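Here is a briefing on one protein chain. Look over the sequence and the model first, then read the points by topic.

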Amino acid sequence: MKGVYTKNLGSHSRLSLDEKWTEHALSAIRDNSWRVLLKPVAIENQQFIAGVDGGFICNFDFVHGELSWNYFNGDYITTIEHHLEILPPLIRDLSDSSKSLFPSSSHCVTWKQNAKQAISILNDLDFPELTSEIRALLLASLMQVCTDDIPCEVLIHGDFHPGNVMISGNKANSSSTVIDLENLTFGSFFVDALYCSTWARLVSEPSRYWDLISYLELKSFRKIRLVDIGLTSSLMLNQAHNNSKMTSQRIVLGLFWLVNELMKQKRIEEQ
């Protein structure tokens, strides 16, 4: 019998925003994901979250393995490259689990609150890489999240970094699992991929990353829009604000790199 890991959900977890939506989303993930995404386990009566001591808990399959940073013995580039290799199957798992997805007003409100916070954070940033063109586009994208409807296209992991990848087995026969669904929400097709710009900018050849972006554009029958950038930057800027100086710099430089590359490729639909 598989082991079970119990996750305590803090007040910051999006899983506690809307219990009905969370139950539906976790059930869909359990039934439809099989590639890399960690499966939730029902606690009782087919319910996935339960209230405990003023908070919530959620059960998941227990994974035997190591976090990717440890598995690759601190090899920074190898860890990042592996992380980007896991991104496409993660997106497939989330997409397959989104067929009966419905919006949640609580999640929409949280998106808009985060976008407003991100605007404040952006206004305080002072980096030479933050050109007036990048700043203006980010501001416009965040304003669109604040004022427009939030696209409800696909489930989003919302925090996909190398520290959320567990690897089991030896180098010749390993398997990877994406953990930590605390920021699970919904949004556009592009958010999880764009979020990984933090890591894509650090590899010597990011062509596979851009190939994935092109694939998502084909799958969604559209180019990247301002709202996609706005959703992504609201996650990244808030995360940067709540982390150490080194981590914050890595995140915002990834975001600036992403926007600059998208503008050079003329890939953003301003609508």
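**Serine 220**

The side chain of serine 220 reaches back to the backbone oxygen of leucine 216, at 2.8 Å. This is a predicted model.

- Serine 220 lies in helix α8, which spans residues 207–220.
- The relative accessibility of serine 220 is 13%, so serine 220 counts as buried; the cut-off is under 20%.
- Leaving out residues up to four places away in sequence, serine 220 touches Phe189 and Phe190.

**Alanine 200**

- Alanine 200 sits in helix α7, residues 197–200.
- Alanine 200 has a relative accessible area of 0% and is therefore buried.
- Its contacts, not counting residues up to four places away in sequence, are Leu84, Pro206, Tyr209 and Trp257.
- Leucine 258 is 58 residues from alanine 200 in sequence, yet the two are 8.9 Å apart in space, C-alpha to C-alpha.

**Nonpolar core**

- In soluble globular proteins, nonpolar side chains tend to be buried together.
- Here the largest nonpolar core has 86 residues.
- The residues with the most contacts inside this core are Leu184, Tyr209, Ile229, Leu237 and Phe256.
- Helix α10 (residues 245–264) gives the largest share of this core, with 9 residues.
- What does leucine 184 contact, leaving aside its neighbours within four places in sequence? Its partners include Arg14, Leu15, Trp21, Ala25, Leu26 and Ile29. Leu94, His107, Leu155, Ile156 and His157 are also among the contacts of leucine 184.

**Open sheet**

- An open sheet is built from 3 strands, in the order β5-β7-β8, with antiparallel pairing.
- Its edge strands are β5 (66–67) and β8 (173–178), and each of them pairs on one side only.
- Helix α3 (residues 76–96) packs on this sheet and touches β7 and β8. The direction of α3 makes about 65 degrees with that of β8.
- Strand β7 covers residues 165–170 and pairs with β5 over 2 bridges, in the antiparallel sense.
- Within that pairing, leucine 67 stands opposite methionine 166 of β7.

**Hairpin**

- Strands β3 (residues 49–52) and β4 (residues 55–61) run antiparallel and are joined by 4 bridges.
- Valine 52 has glycine 55, in β4, as its bridge partner.
- The hairpin of β3 and β4 has 2 residues between the strands. In this hairpin, aspartate 53 takes a positive phi near 50 degrees.

**Cysteines**

- A disulfide is a covalent bond between the sulfur atoms of two cysteines.
- How many disulfides does the structure hold? The count is 0.
- The cut-off for a disulfide is a sulfur pair within 2.5 Å.
- For cysteine 146, the closest cysteine sulfur is that of cysteine 108, at 13 Å, again too far for a bond.
- Is cysteine 108 buried or exposed? Cysteine 108 is buried, with a relative accessible area of 19%.
- Cysteine 146 is buried too, with a relative accessible area of 17%.

Conventions
Residues are numbered from 1 along each chain as its sequence is written. This is a predicted model: local features need pLDDT of at least 70, side-chain atom pairs count only at pLDDT 80 or more; totals for chains, interfaces and linings use all residues. Side-chain values use heavy atoms; hydrogens and water are left out. Two strands pair if DSSP finds at least two bridges between them. Contact means heavy atoms within 4.5 Å. Axes are lines fitted to C-alpha atoms, for helices over the stretch in contact, and angles run from 0 to 180 degrees between N-to-C directions. Buried means under 20% relative accessible area, exposed over 50%, partly exposed in between (1.4 Å probe, protein chains only). A polar contact is a pair of N or O atoms within 3.5 Å; within protein, one must be able to donate a hydrogen and the other to accept it, and residues adjacent in sequence count only if both atoms are side-chain atoms. A nonpolar core is a set of buried Ala, Val, Leu, Ile, Met, Phe, Trp, Tyr and Cys residues joined through side-chain atoms within 4.5 Å.
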